[in-house]
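Q: I have a two-chain model open and want to go through it piece by piece. Can you take some quick questions?

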Amino acid sequence: MSSLHDLLAHEVVDGIKEGLFTAEEYVCSVIKTIEDVESKVRSFITLDSEGALSSAKLIDRKFKQKEDIGLLGGVTVGIKDNISTKDIRTTCASKILEDYVPSYDATVIRNLKQNGAIILGKLNLDEFGMGSTTEYSRYHPTHNPWNLDYVPGGSSGGCGAAIAAGECTVSLGSDTGGSIRCPASFCSVVGLKPTYGRVSRYGLISYANSLEQIGPICRSVKEIVLIMNIISGKDNSDNTTVSSSQITINNKLDKFDIAIIKELIDGSDHEVRSTVYSASDKFKEIGCTCDEISIKNLHYALPSYYTLASAEASSNLARYDNIRYGFDLPIEEYNWDTYFSNVRKNFGEEVKRRILIGSYVLSSGYYSKYYLKARSLRSLLKLELLKLFKKYDLLIGPTMPILPFKFGEKIDDPIKMYLVDINTVIANLAGIPAISLPVGFSNGLPIGLQIMAAPFEEQKLIDVSYALENTINIQRRPNLI
Amino acid sequence: MISKDELEYLAQISKINLSEDEAKKFPEQLDKTIEYIDILEELASDDLNVLDLQEVNFDELRDDVVIMSGGLRINKNLTEDGFLRGPKMK
């Protein structure tokens, strides 16, 4: 048997249930890995080894007493640090929330715990999820386990890096414009952004509510299915959620009609393009059809996304007023506005830029010029995609148009950084599900394939991803030790 | 180009104090972003008549009952007689 920290989630549960090892032994193996690699990778903002060990002992006790340990009994989960965890600090990688300890669990965390999962700690991100590299974290950047000089992607970069490095077995991230799929692609792991409304956002600290969803980042498609069935469903605390059917692993693949999006391919680096074409050839080998198509309104997607996301951010982040949590600033010397503005100077530069842009596009004279047009484009794009999904089961393209890049390469030019998201924002604007699957490497750096489906057609994404995963065997674990 | 006054106005309505460095480099950076989103102007006015597809059903709201979340933790020592204490209004 491989080292315990190398096991997939279902193997961990089976191993504990069969008495091959204890939850405590497995958790110790994961903690040992963290001790070995964390100084290089820096995935965590907060690590709760003590809490994880006592949860493991509880699972072992349950097993001994022949009680059900749950579908995720004993499995270590890393949580992006913008998802509320009761009694564990939740910072959003921001100094504004550096001492914030939530008094409740997000619905997804409650669901995981009810199924026996062990919350191991909170993973790094770009401040409030705004970024694609973790360089905007106000604590430290996370390093790509495949090459420590390179970014791991973002904003859920801590999740991607921790999964690739074996620092936890599965993880939960959030995706507003590609924040699950980008690090999944850059770290050679699997990440799913669910359909908008499939997973509760209750307890996810808001950045752009109309775009974001919580979703899993794991090493295998099978684990994605396991986590999705636990976190999905109607939640009375989030009125946008709906009931949805369970997804399963099918060994037999339907012959899907697939379309490659021309614009996404054309805008990509040569190495990325050829790897994605090779993956599409594999689809043909397993019996699917593969056409190349064009999307008319695609070049408006990214400007629309940044208009809407910034507008929602400027509104959502207005809540950080330092009254209930924040810094110890004496209130006597200030009036309301100066106190408020003085505290909020502690946001990082990127957060400030997005709040300012949000205020700009929502202000009088610019609201109809930018915000209303962005909303209309969003609807146009969704209509165009829904029409395409009548003809095709799945749309594919590279998850990221470029390979992972070095630290500092894009940080001084916000537009260069925003352009990294050009392929992923489509799914958020249209509210459709999208998965990133590892399909190859170039110069030792991972390349991911993005597959999108019609709303609530996650089963199709899983079917085709599982078939491809079994056809091309891509390395998922770098040699870090 | 966003002027110094415009930046100050945006910072004021956003309630953010900018550092000297930020005040110096933000105008150019914000300009580039605005220039980039200006592409939306190309959208024909006919396109703006499209239905808003944001589908949120507000007919089925849950009952407005208080659910205890495990106690509100105030992370700062700003409470007085059970109330939060804020800075003076002007």
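Q: How much of chain B counts as buried?
A: This is a predicted model. Of the 90 residues in chain B, 14% count as buried.

Q: What elements does chain B have, and in what order?
A: Chain B has two helices and two strands. From the N terminus they run α-α-β-β.

Q: How many residues go into the contact with chain A?
A: Chain B gives 46 residues and chain A gives 53. On the chain B side, the elements that contribute two or more residues are helix H1 (4–14) and helix H2 (20–37).

Q: On to chain A. What is the strand order in the sheet?
A: Eleven strands make an open sheet in the order E1-E3-E2-E4-E6-E5-E10-E11-E9-E7-E8 of chain A, with mixed pairing. The edge strands are E1 (44–47) and E8 (289–293) of chain A, each of which pairs on one side only. From one strand to the next the twist averages 30°.

Q: Take E7. Buried or exposed, mostly?
A: Four of the five residues of E7(A) are buried, so the strand is largely enclosed by the rest of the structure.

Q: Which way does E7 pair with E8, parallel or antiparallel?
A: E7(A) and E8(A) pair in the parallel sense, over five bridges. One bridge sets A:Ile258 against A:Cys290 in E8(A).

Q: How many bridges to E9?
A: Three bridges join E7(A) to E9(A), and those two strands run parallel. A:Ala259 stands opposite A:Leu395 in E9(A).

Q: Which way do the side chains point along a strand like that?
A: In a regular strand the side chains alternate between the two faces of the sheet.

Q: Where does the antiparallel part come in, say at E10 and E11?
A: Strand E10 (residues 434–442) and strand E11 (residues 445–453) of chain A run antiparallel and are joined by eight bridges. A:Phe441 stands opposite A:Pro446 in E11(A).

Q: What does helix H9 lie across?
A: Helix H9 (residues 270–285) of chain A lies across E7 (257–261), E8, E9 (394–398), E10 and E11 of chain A. Its direction is at about 115° to E10(A).

Q: And H16, what span does that helix have?
A: H16 (residues 458–471) of chain A has 14 residues and reaches 20 Å from its first C-alpha to its last, close to the 20 Å expected at 1.5 Å a residue.

Q: Why call H16 enclosed?
A: Ten of the 14 residues of H16(A) are buried, so the helix is largely enclosed by the rest of the structure. The buried ones include A:Leu461, A:Ile462, A:Val464 and A:Leu468, and also charged-type names such as A:Glu458, A:Lys460 and A:Asp463.

Q: What do those buried residues pack against?
A: They pack against helix H7 (221–231), H9, E9, E10 and E11 of chain A.

Q: Which residues have the most contacts inside the largest nonpolar core?
A: That core has 162 residues, and those with the most contacts inside it are A:Val75, A:Val77, A:Val108, A:Ile118, A:Ile163, A:Leu394 and A:Ile451.

Q: Pick A:Val75. What does it touch?
A: Not counting residues up to four places away in sequence, A:Val75 touches A:Ala9, A:Val12, A:Val13, A:Ala117, A:Ile118, A:Thr169 and A:Val170.

Q: What is the phi of A:Phe128?
A: A:Phe128 has a positive phi of about 55° although it is not a glycine. A:Phe128 is also in the loop between E3 and H5 of chain A.

Q: Is A:Phe128 buried or exposed?
A: Buried, with 31 other C-beta atoms within 10 Å.

Q: And A:Asp87, what is its phi?
A: A:Asp87 has a positive phi of about 65° and is not a glycine either. A:Asp87 is in the loop between strand E2 (76–80) and helix H4 (107–114) of chain A. With 14 C-beta neighbours inside 10 Å, A:Asp87 counts as partly exposed.

Methods: Residues are numbered from 1 along each chain as its sequence is written. Chains are lettered from A and ligands numbered from 1 in the order in which they are written. This is a predicted model: local features need pLDDT of at least 70, side-chain atom pairs count only at pLDDT 80 or more; totals for chains, interfaces and linings use all residues. Two strands pair if DSSP finds at least two bridges between them. Axes are lines fitted to C-alpha atoms, for helices over the stretch in contact, and angles run from 0 to 180 degrees between N-to-C directions. Two residues are in contact if their C-beta atoms, placed from the backbone, lie within 7 Å. A nonpolar core is a set of buried Ala, Val, Leu, Ile, Met, Phe, Trp, Tyr and Cys residues joined through C-beta atoms within 7 Å. A residue is buried if 20 or more other C-beta atoms lie within 10 Å of its own, exposed if 12 or fewer, and partly exposed in between; C-beta atoms are placed from the backbone. The expected span of a helix is 1.5 Å times one less than its number of residues.
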